Structures are given as C-alpha cells and as structure tokens.
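Work through the following exercises with the structure in view, and try each task before reading its solution.

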Amino acid sequence: MKVIINGATGKMGQAVLALCRVGAYGVKSFSGVDVTGANRQFASALCDTVGKYDCLIDFSNRSATEEVLSYCLTRNTPAVIGTTGQTSVEMEKIAEASAAIPIFLSPNLSFGIAVLRRVCRLLSEWLPEAQIEIVETHRAGKTDAPSATAKMIAEDMIRLNPDSYPLYGRSGEGVRGMGEIGISSVRLGNCPGIHEVMFGTDTETVTVRHETHDRRIYAEGALRAAAFLCRRPAGLYSMEDLLG
C-alpha cells in the first residue's frame, strides 16, 4: 500500500509516519505534505505532489476538507479523513464525493472507541430506563468542547431513543429532565483522552470507560482504515464498517 499523509508534520501526522516507516498495515511506500515547508522531503501543498497513491490520510485541519476532496476526486484516490469539526457544508461535500470514491470518516479512529460505542448501544437497549451521563477528559490545549467523540456517543443514544436530548454541562437549580443525556468536559494537563459513559437506574450503575494512553492508536486506526478502503467501492465508511 502506498499512502500520502496530509499534515505530515503535526502530532498525528508524525504518529502515522512512524508506523509507515516500519511497514505497518501493509505500507510499502509513503510520502507527506507539510504546508509549513519545514520538511523539504515533503511537498508544501497537495497540488505539488507527484505520483499515484493508494490512499490519502488527512490529519491537517478541517479547513482543508475541500482541497483534500478535490485532490482525491481528481486522482480517484480513497481518503481517510481524521480531522474533526467539519461544517454542515463540508459534510455535504464529503457525502457527495463519497459517491465517486471511498471515504472513511470518523471523529475517533480508535478501535476501542468503536467497541465502546457498540457496548453502549446494547446497554441503551437493555436498560431503557437508565439515565445516561457522558464525561470526557482531554488535554488542556484541546480547543473544542465537548469532544466530537462524546457527541457521537450521545447521537448513538438519541437514535435509539428519539425522546432523549443532550445537555452540555450542568449548572443552576432544577432536577434532571426526562430523556436528558448529560455531557461534561474536563480539560487537564496533557491527557490524550478519556471517555466514560454511565448508565444509572435506581438500583445500579453500569460504567463503560475508554482511556487513551498513546495517540498512536489513532494512527493505527487511520492505517487500518486505509487498508480497508483499498478493497472497497465508492461510499462513505466509518469505524462501524471496520468493526464489522
């Protein structure tokens, strides 16, 4: 597999490159794009790259979404989009592009988070009376709150119970609302990421927790997704498809 990493000199880009160098997940060759120009081995823009790649992995910024899609559509190249925070317009463009090329999109590329989501959906079905709380913890420098992953977990629950709704943070006075899914964000130190989902009834509480120890898990997920896309027709894929 021949891959190109957009955002190659960022933290996640570097993690992907480290795995590429040891041939993880069938990588035979690789290159990158560094818009800062600091790494002269890499192109400074996608349009400057030469050659055909089996897959593009994007860990740059959501503002590059349209550029990434244009590049991949022109070259008929599958794309793994590892950035988050896309606007509704950008999401529409991703959906449109997926009619022509395979695209893998997930706010969280951790295989463990995919398992957590599946377990939470089962618990939501088995404990329909349970109240649900989601607590996510990330590094102090993370700019968005709550995390895209926490929102994704809440959306899973809402699809199963359309009468439920998210409550971001809790303050003031008043009892918990019917169908309320509480989402709390903690920003602390250099924590890569913790997601905790609690299902509570009057008689018991079940807690599902995922803790990230190393950002490498997202790089592993990205390369696993890239290998997965190379065998797939055009379409929009997620970690659920990878999980099977």
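Contact here means heavy atoms within 4.5 Å, and a residue counts as buried when its relative accessible area is under 20%. The model is a predicted one.

**Exercise 1.** Find which residues of helix H5 are buried, and name elements that cover them.

*Solution.* Begin with the helix itself, residues 148-160, where Ala148, Thr149, Ala150, Met152, Ile153, Ala154, Asp156 and Met157 are buried. Next, look at what lies over these residues: the cover includes helix H4 (111-126) together with strands S6 (131-138), S8 (180-187) and S9 (194-200).

**Exercise 2.** Trace the open sheet of six strands and explain what is particular about strands S2 and S11.

*Solution.* The strands follow the order S2-S1-S3-S4-S5-S11, with parallel pairing. Because S2 (29-33) and S11 (235-237) stand at the edges with a single partner strand each, one side of each has no neighbour in the sheet. From one strand to the next, the twist averages 20°. Helix H2 (residues 65-75) packs on this sheet, touching S1, S3, S4 and S5, and its direction makes about 175° with that of S3.

**Exercise 3.** Describe the largest pocket and its lining.

*Solution.* Its volume is about 850 Å³. Of the 28 residues that line the pocket, Met12, Gly82, Thr84, Arg139 and Lys142 lie nearest its centre. Helices H1 (11-21) and H5 are the elements that give two or more residues to this lining.

Key
Residues are numbered from 1 along each chain as its sequence is written. This is a predicted model: local features need pLDDT of at least 70, side-chain atom pairs count only at pLDDT 80 or more; totals for chains, interfaces and linings use all residues. Side-chain values use heavy atoms; hydrogens and water are left out. Two strands pair if DSSP finds at least two bridges between them. Helices (H or I, at least four residues) and strands (E, at least two) are DSSP runs, numbered from the N terminus. Axes are lines fitted to C-alpha atoms, for helices over the stretch in contact, and angles run from 0 to 180 degrees between N-to-C directions. Buried means under 20% relative accessible area, exposed over 50%, partly exposed in between (1.4 Å probe, protein chains only). On a 1 Å grid over the protein atoms alone, a cavity is a set of points where a 1.4 Å probe fits but cannot get out, and a pocket is an open set with protein on both sides within 12 Å along at least five of seven lines; lining residues have an atom within 4 Å of a point. Grid points are joined across faces, edges and corners, and a volume is the space filled by probe spheres set on the points.
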